[in-house]
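Please read the points below with the model open beside them.

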Amino acid sequence: MTKPLLEVEDLRVRFHLRTGIVEAVRGVSFQLGRERLGIVGESGSGKSQTGRAILGLTPPPGEVTAGKLTFDGIDLLTASKRTLRTLRGGRISMVMQDPKYSLNPVMTIGEQIIEAYQAHAKASRAEARDKALAMLEAVKMRDPGRVFALYPHEVSGGMGQRAMIAMMLVTDPDLLIADEPTSALDVTVQMEVLRILDELVAERGMSLIFVSHDLKLVSSFCDRVLVMYAGRVVEELEAKHLRQAKHAYTQGLMQCLPTLANDIRPLPVLNRDPSWAQ
Amino acid sequence: MLDIQNLQVVFGTGRLRVDAVKNVSFQVERGASYGLVGESGSGKSTVLRAICGLAPISDGRVSVEGKEVTTPRDQAFYRTVQMVFQDPYASLHPRHTVDRTLSEPLAIHGEKDAEARIVQALREVGLGPSFRFRYPHQLSGGQRQRIAIARALILRPKVLLLDEPTSALDASVQAEVLNLLDELRQKMGLTYILVSHDLAVVAHLCERLLVMRHGEGVEETTAAALRSGKASDSYTRSLIQASSGFSRDGQKTSPALAV
C-alpha cells in the first residue's frame with residue numbers, strides 16, 4: 001500500500017478553562033488513504049474537534065498535542081503558519097455545517113469563490129471567474145450565472161451548501177473534511193447534496209473525512225467508520241460491516257433509532273457504561 | 001377531538017403575501033396520535049401554531065371538542081391544548097428555575113396546591129424532586145425537553161401539540177423522549193399532533209399522518225402503509241426513499257423533487 005495521505009497518532013485536544021482542563025479528544029489515532037472515512041458520535045464526543053485539529057482550527061484556549069500529525073509528509077504540528085495557510089483551503093479544505101453562518105453575508109457567492117481560488121492559485125480575474133462558474137455548474141446549479149451574482153441570503157439552504165462545496169473544491173484539494181455537511185438540510189435535499197459530493201470526490205480522487213452524528217447516513221456513504229465516544233475511538237469498522245458492530249455503544253446507537261422497517265416499542269435505550277470512556 | 005377544516009394561514013399582504021398553509025383539513029379522534037410530515041417551509045409547524053393561536057387563522061375552521069376556537073384563545077382552550085416546542089435550549093427561560101417554570105401555568109390558571117403538583121409533574125416525566133431548583137443550564141438536552149413536556153402536562157390538557165420534540169436531541173436521548181411520550185399517552189389518554197421531518201419518528205408515534213408540501217396536504221396515509229412502503233404519491237415515495245439512507249445506485253433525483 002502507498003503511504004497514507006494523513007497520519008494521526010495519539011491526537012489530544014485540551015481546553016484550559018477556569019473550571020479546570022477539559023479533554024475533548026483523548027488519544028485518537030488513524031490513517032487515511034484515498035478513501036471516504038466517516039467519524040460518528042453524539043454531541044460532545046469530540047468528532048468535530050478532531051476534524052478541526054487537523055486543520056489547525058482549534059479555537060483558543062484549546063491546545064493540540066499529538067504523537068504524529070502529518071499530511072502528505074508535512075508535519076502539521078511544527079509547520080509554519082505560512083505553510084499552514086497554503087495548505088488550508090488549498091490542499092485541505094473543510095465544509096461546515098450551516099451555510100447560513102459560514103458564508104460571508106455581504107459578498108456575492110461568485111466573489112467568494114473567486115476569492116478562495118485566487119488565494120491559492122495565480123490566476124487572472126477572468127480565469128478565476130470562469131473557474132468559479134464551472135464549479136457552480138459542477139455542483140448542479142441550474143443557472144450558474146445567476147447564482148454567481150446572488151448573496152447568501154438569497155439562496156436556499158441546499159443551494160448555499162452546494163455553493164460552499166463549490167468554494168471548497170475550486171482549489172482541487174487532496175483532502176476534504178466535511179463537518180455535518182447536510183445536518184441543516186431537509187432529507188430530500190440532503191440526498192441531492194450527498195450525491196453531488198460523492199460524484200466530485202470520486203471524480204477527483206479526493207480523500208474525504210465525513211463527520212456526522214448520523215450513523216445510518218455515514219455507513220451508507222463512507223468506506224470506513226470511526227465511532228467516537230467521550231473523546232476516544234471506541235470502534236473502527238468497515239461501513240458495510242456495521243451490522244456486525246462489536247462495541248456495545250455502536251450497537252446501542254443503531255438500535256435506539258426508530259425505523260420504518262420494524263416497529264419496536266418501547267425503543268431500546270442506551271445504557272451508558274462508564275468503562276466506555278476509559 | 002380536533003377538527004381542522006380548510007385551514008388557511010396567510011402572512012403579509014400584496015407583494016409580500018405568503019400563503020403558508022393552503023386548504024388543509026384533517027380530523028383527530030380522542031386518544032389518537034396524528035403526524036404532520038414535510039420539509040422546511042411546507043407549513044407543518046404553521047398548522048400547529050395556527051391551532052394554538054401563535055399564527056392567524058386566515059380562513060377555515062379549527063374546532064376543539066366540537067367548539068370552534070375563539071381569537072384570542074380563552075383560558076379553557078389552554079387547559080385543553082398545550083404545546084411542546086422544538087428546541088429545549090430556547091424554549092425554557094434561562095433565568096427561571098424548573099420550579100418557577102412549572103409554577104407559572106398553575107399561577108395563571110389559579111390552581112392551588114402548586115408544590116405537590118410540581119413534584120408530581122416531575123415524577124411523571126421521570127425526573128426526581130432534586131431537579132426542582134435547578135436552572136436550565138444545569139440540565140442536559142434530554143432533561144430540558146422533559147421539563148418542557150412537564151410544563152405542558154401540568155395543567156392536565158387533553159391535546160398535546162408537539163413541534164419536532166426530538167430533532168434537537170442526540171439519537172439515544174431521542175429514544176428516551178419518544179418512549180416517554182408513548183408511555184404518557186397511554187397513561188393519560190392524551191391526543192397528540194406531532195410535527196416532524198423524520199418519517200421514522202412519525203411512524204413510531206402516530207397512527208395516521210398527513211404529508212405536507214408547499215403549504216398543502218399531499219397525501220393522508222397511515223403509519224402501517226408507510227412501513228410497508230405503500231404510498232400513492234410520488235413525493236411521499238421519495239421521502240420514504242430518502243429516509244432509508246444514501247444509496248449509490250445512480251437513480252437521479254426523482255422528478256417530484258426537482259422544483
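1. Leu209(B) stands opposite Thr221(B) in E10(B). The strands E9(B) and E10(B) run antiparallel and are joined by 6 bridges. The hairpin that they form has 2 residues between the strands, and His214(B) takes a positive phi near 50° there. Helices (H or I, at least four residues) and strands (E, at least two) are DSSP runs, numbered from the N terminus. Two strands count as paired if DSSP finds at least two bridges between them.

2. This is a predicted model, in which local features need pLDDT of at least 70 and side-chain atom pairs count only at pLDDT 80 or more, while totals for chains, interfaces and linings use all residues. Residues are numbered from 1 along each chain as its sequence is written, with chains lettered from A and ligands numbered from 1 in the order in which they are written.

3. E9 and E10 belong to an open sheet of 6 strands in chain B, ordered E6-E7-E8-E3-E9-E10, with mixed pairing. Strand E6 (81-84) and strand E10 (216-222) of chain B are at the edges with a single partner strand each, so one side of each has no neighbour in the sheet. From one strand to the next the twist averages 20°; angles run from 0 to 180 degrees between N-to-C directions, and axes are lines fitted to C-alpha atoms, for helices over the stretch in contact. On the other pairing of E9(B) (residues 208-213), strand E3 (residues 33-37) of chain B runs parallel to it, with 4 bridges. Here Tyr34(B) has Arg208(B) as its bridge partner.

4. Chain B also has an open sheet of 4 strands in the order E2-E1-E4-E5, with antiparallel pairing. Its edge strands, E2 (18-28) and E5 (67-68) of chain B, each pair on one side only. Between E1 (residues 2-11) and E4 (residues 59-64) of chain B there are 5 bridges in the antiparallel sense, and Val64(B) in E4(B) is the bridge partner of Leu2(B). Helix H1 (residues 44-51) of chain B packs on this sheet and touches E1, E2 and E4 of chain B, its direction making about 70° with that of E2(B).

5. Which residues of chain B does the UniProt annotation "domain: ABC transporter" cover? According to that unreviewed entry, residues 2-239. UniProt positions are given in the numbering used here, feature names are shortened, and annotations may be inferred rather than shown by experiment. The span is 36% helix and 26% strand, and its end C-alpha atoms lie 27 Å apart.

6. Chain B has 29 residues in contact with 29 residues of chain A (contact: C-beta atoms, placed from the backbone, within 7 Å). On the side of chain B that touches chain A, H6(B) gives the most, with 7 residues. By class this side has 13 nonpolar, 10 polar and 6 charged residues. Ala, Val, Leu, Ile, Met, Phe, Trp, Tyr, Cys and Pro count as nonpolar, Asp, Glu, Lys and Arg as charged, and the others, Gly among them, as polar.

7. In chain A, the axes of helix H4 (residues 109-120) and helix H7 (residues 157-169) come within 8 Å and cross at roughly 20°. The contact is made by Ile109(A), Gln112(A), Ile113(A) and Ala116(A) of H4(A) with Ala163(A), Ala166(A) and Met167(A) of H7(A). These residues divide into 6 nonpolar, 1 polar and no charged.

Note on methods: Contact = placed C-beta atoms within 7 Å.
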